[in-house]
Amino acid sequence: MYLSIAKAHHLELYHMSLKLKFIFPLVFFLFSLSSFGQDSSENSLVELINPLIGTGNATTPSALKFSEKKEGNAQVVPFVSAPFGMTQWTPETQTSEQKCVAPYYYKDSQLTGFRASHWLSGSCTQDYGSVTLMPTSGDLKVTPKERASQFSHEKESSKAYVYKTHLDDYDIQVAMTATTRAGILQIDYKAGEKAHLIIHPNSDEGAGFVAIHPEKKEVVGYNPAHRIYQGWGESAGFSGYFVVQFDQPLQSFGVYQADTIYENQRQIKDQKDSGAFLSFDTAINQRVEIRIGTSFTSIEAARANLEKEMGGQTFNAVEHQLKQQWETLLQKIKVESENTAQKETFYTALYHSALLPRIFNDANGDYIQFSSDHVKTNIAQGNYYVDFSMWDTFRALHPLLTLWTPQRVKDMMQSLYLKAAQGGWLPIFPAWNNYTAAMIGDHVQITLADAVVKGLSLPNDQEYAYLIQNAFESPVSNEEYIQGKGRRALDSYLTYNYIPLEDDVADSFHKKEQVSRTLEYAFDDFGLYQLALIKGDSVHAEILKQRALNYKKVFSPSDLSVRGRYADGTFIEDFDNNIRQSYITEGTPFQYTWFVPHDVQGLMQLMGGQAVFNQKLDELRNTGQYWHGNEPGHHIPFLYNYSGQAWKTQAWVKTIADEEYGNGPGGLSGNDDAGQMSAWYVFASLGFYPVTPSVPQYVISGPRFEKITLELEGGKRLVINAIGADQGRPYIQEMRWNGKPYEKTYLQHSDLIQGGVIDFVMGEHPNLNWGTTKPYSLSD
């Protein structure tokens with residue numbers, strides 16, 4: 001009996017081995033098919049992006065305390081876009097191109113379409129040159145209010161590479177993906193219903209154009225772009241051109257103006273609230289694919305861009321291509337952690353950091369010149385970029401891009417020099433390919449200087465001359481000045497070494513704000529001083545070095561704070577440094593006092609030394625006066641590294657990252673401002689921050705992840721290990737660089753880009769002895 005059982009068991013094992021012999025190759029084959037050309041879900045970083053983060057009202061502590069109006073919303077939308085894409089694609093819940101109205105808000109319950117957008121992500125500016133497409137069914141309804149459909153977030157899927165949703169009123173399923181200059185909609189209409197597509201150029205000025213070519217299965221048109229800020233309402237000198245191609249036969253077509261429909265009419269031009277409609281024959285096929293090419297130069301270029309980037313590819317192929325494009329970019333900064341929510345926040349921050357500046361040229365290199373002439377030209381190599389939200393992004397966004405994608409940064413810096421050459425002046429806040437003077441300061445200079453000191457882009461003599469011109473001259477023509485060329489209030493600044501309260505700075509969008517302007521010009525002059533040294537221009541370097549100390553002119557020793565000052569040298573009498581003042585930009589004097597990133601030691605001396613400096617910094621922190629939701633204070637938490645209490649920086653940065661960021665719709669602390677708010681989080685997670693762009697150093701705060709790997713230029717790799725980070729331990733106990741103890745409170749850019757290994761040990765209690773060498777200050 002025993003032998004029989006043993007024999008039977010042996011035979012069973014034998015037959016099982018035969019089965020496994022065939023099953024294992026089959027399983028391997030099927031697995032290979034499923035993973036071919038894509039990362040497994042476990043390793044795919046793009047799947048960690050949640051574009052809905054920040055689309056709701058901010059729920060963070062500082063947003064609830066300090067924000068006014070649109071400051072309480074991140075103003076981001078769930079873009080489907082290539083990194084830095086010319087045109088970015090979003091579901092639309094708001095139909096206007098008005099200032100401060102984003103195309104999508106999470107709180108809205110109705111969709112009015114799917115927009116080819118040029119909205120400055122995270123901003124309070126405007127969309128421009130956009131067009132919206134809306135599928136509907138049943139009776140034809142064309143106005144945004146009538147055609148709108150209910151939708152729910154439960155039926156919404158938002159990723160960087162594809163967006164899907166259900167239009168409840170019409171029982172229509174829509175999917176959307178994109179390339180750099182084109183988009184594609186996959187629309188599944190309900191069988192048996194009349195199927196329509198509304199095409200609406202979003203011209204608030206009533207200046208759009210649309211034409212239907214049914215024989216070509218094509219609709220073409222444009223929406224002229226207009227300026228805001230300087231030259232408000234004037235033409236921006238170009239349009240957003242589009243070509244819409246469809247793959248199913250038409251039953252009918254026409255145009256509309258407001259709620260008046262014109263059947264069989266092929267075009268309409270310069271009529272407010274106008275557009276086109278198509279009605280499809282879906283008796284056989286209820287799925288309709290819509291391909292949209294875009295351009296800023298012409299309809300023909302939009303068609304060529306569509307053909308070049310999309311050609312005959314299927315929707316799935318385009319989606320996969322975009323997914324891989326994002327995956328490749330994200331793999332350059334890889335974090336490892338068991339905390340999935342934190343990784344989602346991190347990779348969404350990287351996504352938001354890679355939307356702007358945007359590519360402006362066609363696939364063949366054609367683009368419209370900057371500013372006044374608006375003629376077509378060609379960039380022979382690389383790409384030409386626009387929409388630099390420079391008051392925000394000089395702080396962390398551009399330094400992040402320099403580490404992350406330096407070849408793109410070279411093109412961006414060259415684009416700024418091209419603007420200067422084409423317009424005659426280096427721009428200050430260039431948007432919609434024009435001068436704007438939208439915000440204060442002259443931070444293009446800082447960004448260009450930062451690229452130079454980090455070895456990316458040395459200006460030639462003519463390019464350098466434009467930098468010097470901005471710092472020392474104003475346009476001879478008042479008309480040029482009014483149009484946004486040159487620094488605002490430069491004459492006052494050069495006369496007094498500060499901007500007195502008597503100068504209202506009338507020819508700017510942000511008027512007055514004299515103290516903030518003085519502080520920011522002092523920093524800009526410092527950046528140009530750094531660049532002048534590299535260019536060997538000792539004459540200008542010495543002048544600029546002295547001007548970099550002008551922050552002292554608006555510091556009131558009796559208040560230990562900056563304060564408004566008159567031309568006679570007296571300070572304004574009525575003063576409360578915790579209340580917003582007209583001479584401060586979007587904040588309080590106490591918050592702006594710390595904007596001396598280039599000379600923290602000099603500010604410390606003005607306050608009376610290190611002990612007083614730390615006391616005032618403690619006061620800002622402990623009384624809740626720090627406002628993370630706006631950019632001027634983003635460097636402040638890192639200042640303890642300059643004052644001998646680096647452990648306070650480590651704890652504060654962790655608190656901000658924990659409280660002011662999250663992975664829900666309200667998880668951004670304020671306007672993301674072209675990625676600056678997100679770039680701060682990226683640096684804070686890496687464990688260091690560029691306090692002083694134009695100085696090639698990063699101030700250390702300690703990593704938030706157990707392991708971080710940066711893939712650098714030339715195949716070099718930087719690995720950051722942080723034992724205890726995953727357990728939320730904020731304090732640096734020990735740090736080693738390539739195995740050697742490291743006591744500096746900063747890292748050199750030149751060292752980082754060589755690669756290597758940085759090891760941190762993080763703890764629950766501060767190591768009061770770590771960090772003996774302080775970062776750069778001008779007064780050292």
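A crossing of two helices is called left-handed if the near helix is turned anticlockwise from the far one by less than a right angle. In this predicted model, helix H19 passes helix H20 in such a left-handed crossing.

Two packed helices are described by the angle between their axes and the distance between the axes. For H19, which spans residues 646-659, and H20, which spans residues 676-686, the axes come within 10 Å and cross at roughly 130°. An angle over 145 degrees would count as roughly antiparallel, and one of 65 to 115 as roughly perpendicular; H19 and H20 are therefore oblique to each other. On the side of H19, the contact is made by Val653, Ile656 and Ala657, and on the side of H20 by Trp680, Tyr681 and Ala684. These residues divide into six nonpolar, no polar and no charged.

Attention may now turn to helix H17, residues 600-607. This helix is mostly covered, since six of its eight residues are buried. The buried residues are Val600, Gln601, Gly602, Leu603, Met604 and Met607, and they pack against strand E24 (555-556) and helix H18 (610-622). After H17 comes Gly608, which has a positive phi near 110°.

The model also contains an open sheet of six strands with mixed pairing, in the order E19-E28-E29-E33-E30-E31. Its edge strands are E19 (333-336) and E31 (740-741), each of which pairs on one side only. Strand E31 is joined by two bridges to strand E30 (residues 731-737), and E30 and E31 run antiparallel. Here Trp737 stands opposite Lys740 in E31.

Note on methods. Residues numbered from 1 in each chain as written. Predicted model: local features only at pLDDT ≥ 70, side-chain atom pairs only at ≥ 80, totals over all residues. Heavy atoms only, no water. Axes fitted to C-alpha atoms, helices over the stretch in contact; angles between N-to-C directions. Helix = DSSP H or I, 4+ residues; strand = E, 2+ residues; numbered from the N terminus. Parallel < 35°, antiparallel > 145°, perpendicular 65-115°, else oblique. Contact = heavy atoms within 4.5 Å. Nonpolar A, V, L, I, M, F, W, Y, C, P; charged D, E, K, R; others polar. Buried < 20%, exposed > 50% of the residue type's maximum accessible area, 1.4 Å probe, protein only. Pairing = 2+ DSSP bridges.
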